[in-house]
Amino acid sequence: MKAIASLFLLICLPLFFIAQIQEQIQHYDSRGALRGDSPRPAEEIPAQSLLEYSALDNPLYWKNHPPLGDYWQQDIHYVIAAQLAPERNLMLANMELMYRNNSDHPLSVIYFQLPARYKGHQPPVQIRSVRHNGERVRSLMEGNWLKVILDRPLQPDLHASLEVDFVTHFPLQSRSDAPGRDTLGRSNAAYRGWVWYPRIAPYSRKHAWQPEAPFGDFGTYDVRITLPGHYIVAATGQLANEDEMLSPETKEEIALSRFLASPDQHYRSPDSNRSKTWVFQASNVNDFVFVADPLLRCKEVWLGDSLQLVDWVPEPLIGKLKKEAFSQSQVLLQYAQKMGPLAVKKIQLVHGVPSPPSFALPLLFAREDGSMDWPAASRELAFAWFNNADTAFREGFAQFLAAHEAAAFVRDSGATADFDLRWSKAFEPYLIHIFYDSLTLSPSLRSALMFHHLAALCSEKELAGGLRSYLFQWATLNPDPDDFAAVFHRYLGSDLNGFFHNWQASLPTFDYKVEKIKKLDQGKKIRLTLSYEGDPTIPLDFIVETDTGDVLRYHIPRSAYAKDEAQRSVLLPWPAENPVYQTDITLPASFRRLILDPDRQTAELNRLNNYVGYSALRAKVSLLPPRPQNHWDRYQLTFRPNLWWNGQSGLQTGLSIHGHTRVRDHQFQLTAWYNSEIGQTQPPGFPEPVIHPYSYRLSYATPLRKWGNGFNLRLKSAFLDGLQRHIGSIEKVVYQGKQTTTLSAAYQFQRRDRYNGQFYLAEPQNWEVLQSNASLRLKARQQLEKTAYGSLWQIEARSSFLGSQSSYAYLEGETTHRIALFGKLSLRLHALARYGRGDTPLESQLYRSGGSPEQMFDDDFYRARGVFPDALLNRDNPFRPNYLHFAGGLNLRGYSGWQAQQDFRAESGAAANAELSLGKLIPSFSKKIKTDVYAFYDAGILGKEVVDEWLPAWTAVQQDAGLGLTISLHDGRFFRANKPLVLRLDMPLWMSHPADEMEAVAFRWVVGVGKAF
């Protein structure tokens, strides 16, 4: 009986809760009053709010400043009544949307945008009902948007009333900066309302419905939010009942200046059981967002008489704010002076709240610590001018303008000491390093670079004037890149189709170079010869300095258009069809040096050839390997000592030289060692070795840009630990989002010239001596890396080639997958298959337990004996396993070192490996030390070539399974050149084919450096 009663309650309670929510929603109309009769059809009576929005006294309404003769956009007006229930973290709301169809097409469906589902939570917005002109209509969920099917199509030039009842669920709120409740027991939870209501998707003249667009149509909002009386709300628009919600007395109590002057100040609103309704009205905006927090404190700043900036700061953060946290008004004022006035009259900046998924103005958000660095602050404020365009174009403009104006502000404010550093930090994240480091540019970064080079094409005055003209014409409208180009054509009075077409059609690349400077008239006249490769539309600025300190600025146009720049001397245009340009320049004194693009306005592929009389070379000494280079216009040489030791050469003292730039041209690393034989350990039974006194290792890489994007040349050479190896390869890299594809062709030559070269080796019986191993290797590799999933596919064809003393070939395929399970577990899968023919050298064969000896040569820890104790190798008993494992091959880690049997290596084979990781369940005690525990399973098979047969003779399938542990040290510069150092312990507790007199289940262990796969 108790079970039946429990089941009845389990079924009825959720139904009762849903009914209560539905009843609460249905009791209120769109303005918060009790619902009465349904309104008359909106087609018959146009909404008064829409009439006000479209009135002649609204200069931002699209009909009052149409940019084109046939332009149109939709008219919208929202009326939302919402009631927050903090005890349940949800909001009950009713929305009435007045929608006018200004297109030439009847609309039979309407799309609403909804927020994405939080992981492990119910949908943030649940739709209860949808009405069209008072009648319920059918609606369907399609992805993250709602498709409403109208009972009759909305004809052109008519209105519709769409009424939606919905419930918004907020994720469970928690605060690290304040207790959950105040002294009166009231909730201190903060609620962030972005993408919190069904927002109608934009319907435009060129793209029709855009359900996935991060912005909406422009219109008006009338929003009423009811919540407990102690809450304070910052939201889009003007507070219509400010005298009631934020009276002068209340404003004085929550003024930020009080808390800055006295950090011990606290404010708690009077205890009140009644709720308050905040009424906000906003016009000429395309979204509505809010933050409700009882601990918000504010500061108001007026910029002139027309623009108000409000800083909102949670009380616990006030003492943590940096000085820059309140300097956003200065950046905003500079924007307004250059770009013209904002479409809105009030900008609000909420500190201590992370930015929403899409930028919704005019409410802005600072970082968690309440501060915003220059690029981030300027970028967010830039959206105030450009928050309605095509997504990529809008993002690109915001990134460019943020960097451009932030740098100008630092320069104009007189902060010259660290200007270069701030300039670099402002531009590089958006414009430079991704341009060089990846070969496929995202649409937004392509747009940012286009704006960046437009600034080089125009003078500062012309750029600001063109942008003001564009924003005046397209404010609160829906432009696209073609509209932007048309405005600049008209403003500059010149045809820039070539410039814009190049950026829309492809990713332009170019490089200017100083070919020659000939001094004439005792250096007071120079004959300058320049050359270029790539896009011919980018103009060139350069400076010439004389011995007397004169700095002369010049500009070379790349078309008939030349920038209006009084500070530069404009030379004759450089015709696009000519790769070489020559001109004579007369100077007031003797020539000293020349710099192309001194202001670094363009993203050239190679800036190292832009200097004459000035060195772009920088050198430094370091004790550790260098970190990735930040300077994209310098060539950095880093010198550091390099010490190593192995059992054969003893102590190796050496010097490493790294040469690198941000643009990855001519990167090399050379290390040379002197083999001192100090601390040398001689294995018993070996004759006295002859040690070569010197060793070296060299690597070199550079892009082959003349071949096209993504082509690279790589060279490697080494004479080290008894082996000489030389590799030359050409590769093609293609980036597609998070997927990278690499195609490569390589020639490899290696040889051990003396038998005593084997003395270096932990496994000398697995190397050919006095026999050249030369091969041609063709490889295709594809890697995909996402948060919850990663994969690697590669296939390699290898054949002996010129210079080889053995004849062999094989085809090998390998794949690795990483899959997240249930948020805490991770499954790694690996598979390998190889088919080989011929006389494959011992070092290149496929090994059962791990990687081949030639793979070991690439790893400092395994290349030579002595780094690991000899006790781990167990050479005396080949029927017992080694305790040292090197990853690779079939990876049957339980069979490590069993070399008495004849099937531990072969020409062909296949394997499957799996690891189930529990790493995310293990707490991390340090960011630099991470621990992982896993269970593993390995299975593999080897095949020996049979003469006159295509199919090899296969061994039995051998398997093992057990548990493993890895410890990763993430400050890997001490050991593995910026890679984590992974220490591994594997315990293969079960083996399918144990050696003689060994049990299938027994305790076994091996150690290694690096993950198994």
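This briefing walks through rings, cysteines, strands and a few single residues.

The structure is a predicted model: local features need pLDDT of at least 70, side-chain atom pairs count only at pLDDT 80 or more, and totals for chains, interfaces and linings use all residues. Residues are numbered from 1 along each chain as its sequence is written, and side-chain values use heavy atoms, with hydrogens and water left out. A search of the whole structure finds 37 aromatic pairs and 0 disulfides.

**Aromatic rings**

- Rings of Phe, Tyr and Trp (its six-membered ring) pair if their centres lie within 6.5 Å; planes under 30 degrees apart count as stacked, over 60 as edge-to-face and the rest as tilted.
- The whole-structure search gives 37 aromatic pairs. One of them is Tyr61 with Trp62, a tilted pair with 5.8 Å centre to centre and 50° between the planes.
- Tyr61 and Trp62 are both buried. Buried means under 20% relative accessible area, exposed means over 50%, and partly exposed lies in between (1.4 Å probe, protein chains only).
- Ring pairs also build a cluster. Its members are Tyr78, Phe166, Trp196, Tyr197, Tyr221, Trp278, Phe280, Phe288 and Phe290.

**Charges over rings**

- A charge sits over a ring if NZ of Lys or CZ of Arg is within 6 Å of the ring centre and within 35 degrees of the ring normal.
- Arg863 places its charged end over the ring of Phe857, 5.8 Å from the centre.
- Arg893 lies over the face of Phe936, 4.1 Å from the ring centre.

**Cysteines**

- A disulfide is a covalent bond between the sulfur atoms of two cysteines. Here the test is a pair of cysteine sulfur atoms within 2.5 Å.
- Cys298 has a relative accessible area of 8%, so Cys298 is buried. Cys458 is buried too, at 1%.

- Helices (H or I, at least four residues) and strands (E, at least two) are DSSP runs, numbered from the N terminus. Two strands pair if DSSP finds at least two bridges between them.
- Strands of a sheet pair through backbone hydrogen bonds, either parallel or antiparallel.
- Strand β39 (residues 789-800) runs antiparallel to strand β40 (residues 808-821), and 11 bridges join them. Gln794 stands opposite Glu814 in β40.
- Strand β40 is also antiparallel to strand β41 (residues 825-838), with 14 bridges. Tyr810 has Gly836 in β41 as its bridge partner.
- β40 and β41 form a hairpin with 3 residues between them. In the turn, Phe822 has a positive phi of about 60°.

**An open sheet of 5 strands**

- The strand order is β26-β25-β24-β28-β29, with mixed pairing.
- β26 (569-570) and β29 (611-612) stand at the edges. Each has a single partner strand, so one side of each is left without a neighbour in the sheet.
- Strand β28 (residues 591-596) pairs with β29 in the antiparallel sense over 2 bridges. Leu594 has Val612 in β29 as its bridge partner.

- Ser469 lies in helix α11 (residues 460-474). Its relative accessibility is 27%, so Ser469 counts as partly exposed.
- Contact means heavy atoms within 4.5 Å. Not counting residues up to four places away in sequence, Ser469 touches Val487 and Tyr491.
- Ser469 and Arg490 are 21 residues apart in sequence and 9.8 Å apart in space, C-alpha to C-alpha.
- Asn284 is in strand β16 (residues 275-285). Asn284 counts as buried because its relative accessibility is 10%.
- The side chains of Asn284 and Asn58 make a polar contact at 3.1 Å. A polar contact is a pair of N or O atoms within 3.5 Å; within protein, one must be able to donate a hydrogen and the other to accept it, and residues adjacent in sequence count only if both atoms are side-chain atoms.
- Leaving aside neighbours within four places in sequence, Asn284 is in contact with Tyr53, Asn58, Leu60, Phe218, Gly219 and Thr476.

**Positive phi in two loops**

- Asn133 is in the loop between β4 (125-132) and β5 (135-136). Its phi is near 55°, a positive value in a residue other than glycine. Asn133 counts as buried, at 9% relative accessibility.
- Asp157 is in the loop between β7 (145-154) and β8 (159-169). Its phi is near 65°, again positive in a residue other than glycine. Asp157 counts as partly exposed, at 48%.
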